[in-house]
Structure formats: C-alpha cells, structure tokens
Amino acid sequence: MARLTLGHRLARIHPFVWIGAAAALAGLVAWPLGGWDTVELESTKIPEVAVGELVEGHQFSLRIQSAELTDVHPNGFSEDAAGWTWLVLGLEVTNETDLTEFSSRLGGSYDGAVSIDAGVAGLGTTAVDADGRELRGEPYLVSDGTYLPDLQPDLPTSLLLVFQVPETTWSAGDELQIGIIDRTPYESTLGTGIRYGFPAPVAIVKIRVAQGATPAPTAEPAP
Amino acid sequence: MSRRRTGLTAILLTGVLLAVAFTLRLTQPSDEELQGPFVTFARFGEQVEGRNLTWIAEDAYLADRVTALGWSGETDGVWLVVTGTIGSKLGVTSPDVSLRIGDRRYMASDRPDAAALGGSLRAGLPQSGAFVFELPRSALEGPDARSATARFATGFRVRLDSAIDMVLDLTALEHRSTAALPPPGEVIP
C-alpha cells in the first residue's frame with residue numbers, strides 16, 4: 001500500500017473545510033484592524049447646520065433664521081389657550097420644484113419640511129396642539145402677513161411658521177432642535193405631475209429660543 | 001425561379017411592413033398629445049373663447065411693487081401684471097390661471113386677494129381687472145422668457161378640455177417700479 005504524500009492528504013480535505021478555514025483566518029486578521037467594531041453608519045448621521053445656513057433640498061431649500069416664544073400671535077387676533085404659547089420660527093424657503101407649491105405643506109407631520117422635535121415630525125410625530133389635533137406649523141408671509149401663501153418656483157420667500165406649544169416645553173434661552181426634512185422625486189404622471197416622497201431628515205438646526213412679544217397689560221378699570 | 005421570386009417577395013413585404021410599423025410608432029401621438037387641451041391662442045385686444053371661458057387681454061407689464069385697495073405687494077422677485085376681461089359662458093366657475101416659463105409653471109398669485117382677478121365668475125357677467133404673477137428675477141432671463149405662456153382654463157391640469165393660451169415676451173414688456181392694480185369689476189356686456 002502506497003504512502004499518501006502531503007499533497008494527497010491536503011487534496012482529500014473537503015472544500016467546505018478550506019472555505020471555513022479561510023473565513024476564520026480573515027476574521028482573525030480583521031480583529032486588530034477594527035473589523036468587528038460596532039460603527040455608526042455615516043449615512044445615518046443627520047448633519048447639523050448653523051442658524052442662517054442654507055439647507056438645499058430636492059423639494060424645498062430652507063434657511064432657519066429665528067425662533068421665539070410669544071403670547072401674541074403674528075396674525076394679531078388668534079388667542080392662545082391657557083397653558084399654551086406660540087413658537088414662531090422665522091425662515092426663508094425656496095420652492096425647488098417646477099410648480100407653485102402650497103406653504104401649508106411646510107409644517108405638517110405627514111408632508112412637512114420643518115419639524116420642531118429634531119427631525120421626527122414629518123416621519124410620524126405624536127405632538128398635538130391645544131385642541132388635541134396633530135401639531136402643524138401655520139405659515140404666514142413676512143412681507144404682508146398673508147396666511148398660507150403660495151411658494152413660487154425658485155423665489156426665496158421669507159415666512160413665519162407658528163406652532164402652538166405647551167408653555168412648559170421651552171423657555172427663552174433654551175436650545176431648540178429643528179429638523180429639516182426633504183423628499184425626492186419618484187414619479188411623474190400627466191394627472192399628478194412630479195410627485196415627491198421618501199421623507200428623510202437631512203439637517204438639524206440648533207437655535208436658542210428668544211422671548212418675543214408679550215401681551216400689553218390691560219389697563220385697570222377706573223374706580 | 002418561382003420559389004426564388006416568392007422568397008424575394010416575402011422579404012420585400014416584410015421590409016415594407018416593418019417600415020410601416022416604424023412609421024406608425026414614430027408618428028404615434030404621445031399620451032400628452034392624446035389627452036392634452038384644445039388650445040385657443042389669445043392676442044391683445046381680441047376676444048377669444050374656450051368651452052367655458054372668454055378672455056380679452058388688454059395689457060401686460062412688469063412691476064417691482066404692486067398696490068391695490070390698501071394692500072402693498074412687496075417681493076424679492078418681480079410682478080407680472082396681465083390686465084383684461086375674463087368671463088364664464090356656462091356657469092359659475094373659478095378660472096385657473098398660470099404662467100409657463102420653460103419647464104416651470106407659476107400660478108397666478110392670490111396675495112392681492114379680492115383686488116385681483118381669480119375669484120369665481122358668473123355666467124354672462126365677465127370681470128375686468130388684473131391677474132398678477134410673482135416671479136423670481138431669474139425668470140426674466142434666458143430664451144424661455146421670450147416665449148412665456150399664460151394659460152386661462154378651468155382646471156390646473158387640463159385634459160381633453162379647452163384652454164386659452166397667450167404667449168408673452170417677458171423681455172420686451174414695460175418694467176415699472178410701482179403699479180396700481182385696476183380694481184376688478186363686473187362688465188355689463
């Protein structure tokens with residue numbers, strides 16, 4: 001009976017064993033190189049941008065400029081409920097689409113582009129207003145106070161977004177995290193035009209909340 | 001010889017049929033053309049009619065600022081003002097008016113509210129006044145600005161219905177610093 005050479009012995013080893021050995025060796029080599037470390041994907045990090053910095057999006061490009069708490073609604077007549085106040089964001093918005101868009105879309109949770117809880121709104125916020133309805137920012141045009149102004153393509157427009165928030169959530173001087181949400185075009189039909197979807201937070205803006213106007217004290221009635 | 005002739009005939013016939021098929025495919029109307037509007041073109045001073053709307057254009061000009069009924073329209077862009085008389089033929093309707101510049105489409109602004117046209121029209125009672133469009137200044141540059149098209153219709157996406165189009169050369173329009181909008185009012189025919 002002929003003696004088996006080393007080559008013959010190695011050849012008799014099953015290919016799966018070779019594959020397993022190679023994988024084990026690769027795993028050992030990867031260990032000191034950090035291959036088994038738990039890492040956070042760069043693509044999942046939401047970049048933080050400064051106040052006043054432009055956040056370019058597919059649907060809207062935004063520049064957050066101010067945030068203030070006020071008991072006086074910018075429209076001059078809406079009254080706040082007891083225990084609630086108004087959070088007013090000042091921003092510049094540019095409609096990047098080919099069609100006139102409704103500004104009512106900016107502050108909503110379903111189709112919004114601006115959220116006041118760090119990018120969660122727009123992807124399913126649970127925040128509500130004083131009436132228990134889903135929290136929406138109401139847009140007003142800065143130049144003439146128009147409510148729900150149209151956003152014309154490629155025209156930077158200065159707006160106020162007014163959110164009704166509990167008095168206890170923020171105080172003047174607190175840091176507010178604003179999430180900017182963008183959507184990408186995914187479909188175009190004769191009936192709908194270009195449609196935007198797949199909402200994703202694309203930036204976070206941290207801003208100090210300022211104290212806005214407070215109601216003028218009512219004069220004591222003369223005795 | 002006969003079989004050879006038959007083969008040649010088959011090849012020729014196949015070629016002809018393929019050419020016909022390609023020609024049909026190339027000349028086939030697109031979905032947009034099949035479902036598009038029936039367009040009537042308007043010119044200044046002439047009354048044009050669609051299925052439900054009538055329109056007489058009077059003037060068009062640009063303005064940095066427009067004013068009307070105590071309202072002052074400030075903008076970082078520029079206003080396009082188109083004055084004229086619009087009417088409904090069949091029933092109460094709200095005209096849908098937009099301006100196409102290249103691939104972009106701008107709806108007539110509702111910022112002037114009741115000071116501009118755009119509200120509901122009653123049949124047989126046309127209204128005179130102005131439509132205003134708020135445009136970025138960049139819209140006035142480039143070749144597309146020479147063939148901007150204002151569309152007057154009864155829906156935003158008109159399919160198999162009439163529309164009135166009016167081509168405007170934005171680069172040739174008078175540019176005013178301030179313009180007072182003519183107050184809208186019904187015109188007794």
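User: Which domains does the assignment give for chain B?
Analyst: In this predicted model, chain B is assigned domain 1 (1-35) and domain 2 (37-184). These bounds come from an automatic or database domain assignment. Residues are numbered from 1 along each chain as its sequence is written, and chains are lettered from A and ligands numbered from 1 in the order in which they are written. Local features need pLDDT of at least 70 and side-chain atom pairs count only at pLDDT 80 or more, while totals for chains, interfaces and linings use all residues.

User: How many Å separate the centres of domain 1 and domain 2 of chain B?
Analyst: The centres, taken over C-alpha atoms, are separated by 47 Å.

User: What box do the C-alpha atoms of chain B fill?
Analyst: Along the principal axes, the box is roughly 95 × 40 × 25 Å. The radius of gyration of chain B is 24 Å, whereas a compact globule of 189 residues would have one near 16 Å. The radius is taken over C-alpha atoms, and the globule rule is 2.2 Å times the number of residues to the power 0.38.

User: What share of the residues in chain B is buried?
Analyst: Buried residues make up 33% of the 189 residues. A residue is buried if 20 or more other C-beta atoms, placed from the backbone, lie within 10 Å of its own.

User: Now the secondary structure: how many helices and strands does chain B have?
Analyst: Chain B has 2 helices and 12 strands. From the N terminus on, the order is α-α-β-β-β-β-β-β-β-β-β-β-β-β. Helices (H or I, at least four residues) and strands (E, at least two) are DSSP runs, numbered from the N terminus.

User: Which strand is joined to β2(B) by a hairpin?
Analyst: That strand is β3(B), and the hairpin passes through 3 residues. Strands β2 (residues 47-49) and β3 (residues 53-68) of chain B run antiparallel and are joined by 3 bridges; B:Glu49 has B:Thr54 as its bridge partner. Two strands pair if DSSP finds at least two bridges between them.

User: Which residue takes a positive phi in the hairpin of β3(B) and β4(B)?
Analyst: B:Leu69 does, with a value near 45 degrees, and the hairpin has 2 residues between the strands. The two strands run antiparallel with 3 bridges, and B:Val66 has B:Gly73 as its bridge partner in β4(B).

User: What is the strand order in the open sheet of chain B?
Analyst: The 5 strands follow the order β1-β10-β9-β6-β7, with mixed pairing. Its edge strands are β1 (38-41) and β7, each pairing on one side only. Within this sheet, β6 (residues 96-101) and β9 (residues 148-153) run antiparallel over 5 bridges, where B:Ser98 stands opposite B:Arg151.

User: Changing topic, how many residues does each chain give to the contact?
Analyst: Chain B gives 21 residues and chain A gives 15. Residues are in contact if their C-beta atoms, placed from the backbone, lie within 7 Å.

User: Which element of chain B gives the most to the side that touches chain A?
Analyst: β7(B) gives the most, with 4 residues. The elements giving two or more residues to that side are α2 (31-35), β4 (71-73), β7 (104-107) and β8 (127-135) of chain B.

Terms used
Contact = placed C-beta atoms within 7 Å. Buried ≥ 20, exposed ≤ 12 C-beta atoms within 10 Å, placed from the backbone.
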